[in-house]
Amino acid sequence: MLKTVILKDNYQDSINLMLLTNKINELADVEMSQIMMGTEANKDILANTGLLTEKAKTASPNDLMVVVRSDDNEVMDKVLPTVQSFLEDLSTKKTESDEDTVAVDNWDDALKALPDANLALFSIPGEYGAPEMEKALKHNLNVFSFTDNVSIEDEVKLKKLAHKKGLLMMGPDCGTGVISSIPLAFTNVVSPGNIGIVGASGTGIQEVTTIIDRLGNGVIHAIGTGGRDLSNEVDAITVKDAIAALEDHEPTDVICVISKPPAKKVRDEVMQILESCDKPVVADFLGERPTHYEGNVYLAHTLEETAKIAVDLAAGKEVKKNYFEKVELPANVKTLAEDKTIKGLYSGGTLANEAGMLISEALDLGHLTKEKGYILKTEGYDVIDLGDDVYTQGKPHPMIDPEVRINKMREYCQDPHTGVILLDVVLGYGASDDMAGALIPVIDEEIDKAEKAGRPLYFVATVVGTNKDPQNYDETVERLKEHGVLVEKSNAKAVQLALKLKGIQISEPDKTNIPYTGKKIALPTVSNEVKELLATKPRVINIGINSFTDSIIKYGGKTVQFNWKPRANGNKRMIKLLDALEKYDDKIDADNEKVIQRFKDAKPFLTDVVPAKTVIPELNTEHKTLLHAGPPITYTEMTGPMQGSCVGAAIFEGWAKDEIEARKLLENGEISLMPCHSVHAVGPMGGITSGNMPVVIVENRLDNTRAYCTLNEGIGKVLRFGAYSQEVIDRLVWMRDVLGPVLSKALKKTEDGLNLNVLIARSITMGDEFHQRNIAASANFLCSIAPLISELDISEKDRYDVIKFLADTDQFFLNIMMATGKSIADAARKYQKGTIVTAMARNGRDFGIRIAGMGDQWFKAPVNTPKGLYFAGFSEDDANPDIGDSSITETVGVGGMAMVAAPGVTRFVGAGGFEDALRISNSMEKINTTHNPNWSIPTWDFKGTNLGIDIRKVVETGIEPIINTGIAHKKPGVGQIGAGTVKAPIACFEKALEAYAKTLGIEVD
Amino acid sequence: MINSHVVQISSYINPITKFGKIGKIHSIFTHSINIQIGYHLVNIGCFENYLSCFGMNIPENILQSIIHSVGKNEIVKFSNDYLYFYTKDGIKKISLVDSNIVDLKINAFSQFPKAELKKVLKILERKKLDQRIGLPNNSLFKTFTEEMTTFKNLNIEQVVTWLLGRGKGLTPSGDDILCGYIFILLLVGKATNYLSNFIEQIISNLSLTTDVSKAYLICATQGYVNSKVYQLYESLKNHDLKNIDRELNSILNIGHTSGNDLSYGIELGILASLNTPESMKGANNEKRRRSRKGF
């Protein structure tokens, strides 16, 4: 049933009401609702969706109609408080991260947004990494590169540059790091403390830092270096610099160094540096089995031992000879039979390495395997690093996505020889929100299957994390235990337990202290930049994965999000073209300047309103002809609304008496179709224009270029959205017989017509952007024309009807603006050179653009469907693909280009506010050449509107022009169902660039 | 980093590393924080006229900057010259160089200051503290306080376990009463066997109360008191009671009800010391107490 409440004299902006309607529609008992001002047009919309109640019909245009369809009789008790609270606070809501993070898309803006930045955090594809990191270093930023797949040659080059400039180059392939207690990338949240870590291994750092935290101490810095730092090629450049930095950092009392197996020569060099430190050092060179502590350096066998020695040293306690702790089998657990083996399925590479090492040592299996993905594959004992490239190509890392591990678990559990599945569950930022939750059902299932088969199967796990991690260590451990998993407090202990299940007890020998007899050397000098990095909270330019800013903000760092994109979206062909065009830059820029000057010099005047056929000869032939929006298209290719408009126009012209006849004519090709743009015209939405429709004439007195556009019909059921019912035809007839002639007569009373530059300049200061919003311009137009109409010798009824129609039609000026845009663009493109866009238009199938240097040629690509707000009962599924010539407004720098002039319009695409409007205009500025001084925007510090879309810039940046647009229903006759924005497809610009380059003799394969 | 002179450090926590090198933030208040190091607490405040028996005072602006940054369980490193706070906002460092060590240790008087104690008792009795303390003045309370002052039918374990942790807040009233009571009994050096047993019961039952109260009670059993009580001790020792009203008021003003509770404990202690029968006097067991595990 329908419920209606009329809130008297309660005017609200239509965009807010659309947002409110969406909110009410989300209420549980609401089937459908519509909240609108009580205008006649809005009542039509209610009627279209079956919501026009008798009570709603009584609403005045200043009343707010709340109509709700619901089975709940008391539904308004829930709806009205929601309406009230929504209307009481219409401000745009910002999230915490909106306020804390600024997003930019280039280095200049990033450095402007965070002028004291001292660290660049990279997570972009490796193939683009090195040059960008070089830029960061050249901007004196330390670098943390999560980015991998950087060649070793590039790594050496970058690290040498960093060292020379006194900066730290952490990575590439540095998954984990903590700088001044701020977790970076895939990192656990650990307490700050007096231990500093240098690690050439991601999960090694994670295991050590989390054990330290759980033992009650903390880590102030964990400097990742990337896994190849201790190779002969890289020569531990970062490890050495980082050790020196921690030695210099006063609050660090203990230095830990963790590394995958290093190159011998490099290891010895690093040891010499460590022995030369005044602070105690714990070192774990994975794969080595140290028998003693040497001098200042406490060599550890496992990551757990590393953490424990560090904690004792940090507390000023004496280091013990042995840190090994025996684990015991739970009471009811028996050891496994001889034929059972252990399968380690690890997401962390270093943890897998450690497990492989410990199992191999215990069983004397010899060296670890080199086979891809496997750490150990001997005598039925397998340890797999599921983070290896073999498993991650085209897939997320197993710390994020459990799928690969689950498949492996199932596979191994089928093997009757599998006795123990050994797992790591890594928590922290970047890792899966709930890895335990993903694994538990499979564990339950496999334990159940094994029990039924009468064979023992154990799951042994280590959890890498702290209680400060988003996933919480204790809770994770508890959940795993509840499901029968034997959880140990370290990876080493988990391996020990797994071996114990096989009846094998491992142990560690006592270590003795032996003096260091080698030579001590001077440590590398620590630059002020690195000192400052370690003494303060980092200020981070985050280039790549947006979520990496979360931990930085949460733990007190500053950050700016750099939404990096590869040049030309990484399109190599386009990059080659852009490179080739660079040597023509001066010539192209000069040509473009000439075109743009013609844009600036434009002097558009509204001079008359006449039947289209009187100024467009193509519509004045014996052959029936209609104009349409966008690039050329046939009737059968047209989408529903445009076809509907054709039907309506055929009936209006008297060529057909009804839809059936009209469609027959159209289908039989008896009505010719041609683009408006081909005849100096433009048409909104369907753009269908016939000979007897009145069109405005806008004359650009720069060179007397004329352009034409039909008159705006208002909203609701209108021809331009594909409606062709009798009321639509009747309105068109009235516009032909009354509105057009009256406006013509009124304009003839002016000497020169209406100066549109003046009218537009005035209206932009009043909040119009001339595509989605024309309220001010329509009112200003009415102010100019009404006195003239009042003097005309016409019937009072016509006078009233015309003025009333103009007063009611907020978007009346849109069509005048379109003709203005066309007159400006057509004058400019008479200089047929350069890369400036001179037309953008859509026909529902294709989006087409023209550029100055390519004359009348269209460059087309499939059109997008707009995103926006929909009237009640409609969704994006109902929307017609983008349609209309109205994007001529964006072509001349208004509409979406001038979003900042009318920030209210951004709310069509979500709950956008002023910042979003500013962001959009700033973004559009990057693909335009200059600003138009004729139309200055107060809310943009009086900058002129954007001017001169350059296809080179569009292709280079990958930024697609944003078009503000109405949304038509895909079925003819339904009309407008919403409004929003749509992006011009990049492919149009790429094709235009390719064709233009060809004229200069540039072709790429 | 913050570099400043620490104003005052209680002799109980000197040298500052005596309990260990690494501590953790235990509790954070508007005007002070407690650091836990091993089983011990160190209080860092910014009070002008008060120093906790296990505390130090630093300038208020520095303390506030630390309070603003620290979180519970964050690490604090003690070195002889500095305190380092490893906070979420970075490392804060306080210099301990040039700090004043304030003696807050009381010692038993060689002579029983009967006249002075009677004067103090008179002042305290006028204040009707039994109606101002944080415990209900019910029959059970009356029975126990009667036992504490007259020693009749006294069951020390029962009294101590009833008072320990009784009352609201971080320093429950019962504990403050115990602290005041012990202070007087230690000071007069009488009833030493009884006091020794009394302290033993407190130590055995510390788990009944809060960490902060525990710290006060441990200090109290070792003869450490706060600076205001120490001032009273000095006046009694010097037989100089010209400022006694002001000094007692100053104690009464500590905390919400802590000052009243502490003063009431002092009142009970004085009554007990005045009533101590000859049979209860014995050898000083302090040496034994101090050698007890954990202190």
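Two strands are taken to pair if DSSP finds at least two bridges between them, and helices (H or I, at least four residues) and strands (E, at least two) are DSSP runs numbered from the N terminus. The structure is a predicted model, in which local features need pLDDT of at least 70 and side-chain atom pairs count only at pLDDT 80 or more, whereas totals for chains, interfaces and linings use all residues. Residues are numbered from 1 along each chain as its sequence is written, and side-chain values use heavy atoms, with hydrogens and water left out.

On this basis, chain A holds 34 helices and 40 strands. Its C-alpha atoms fill a box of roughly 115 × 70 × 50 Å along the principal axes. Of its 1005 residues, 61% are buried (under 20% relative accessible area with a 1.4 Å probe, protein chains only). Contacts (heavy atoms within 4.5 Å) between residues at least 6 apart in sequence join residues at least 24 apart in 72% of cases.

Strand 5 (residues 119-122) of chain A runs parallel to strand 6 (residues 142-145) of chain A, and four bridges join them; L119(A) stands opposite N142(A) in strand 6. The chain passes from strand 5 to strand 6 through helix 7 (residues 126-138) in a right-handed β-α-β crossover (clockwise from the first strand over the helix to the second, with the strands pointing away from the viewer). Strand 5 also pairs in the parallel sense with strand 23 (residues 539-543) of chain A over four bridges, where A120(A) faces I541(A). L119(A) and L121(A) point one way from strand 5, A120(A) and F122(A) the other way, and all are buried.

Notes:
Chains lettered and ligands numbered in written order. Buried < 20%, exposed > 50% of the residue type's maximum accessible area, 1.4 Å probe, protein only.
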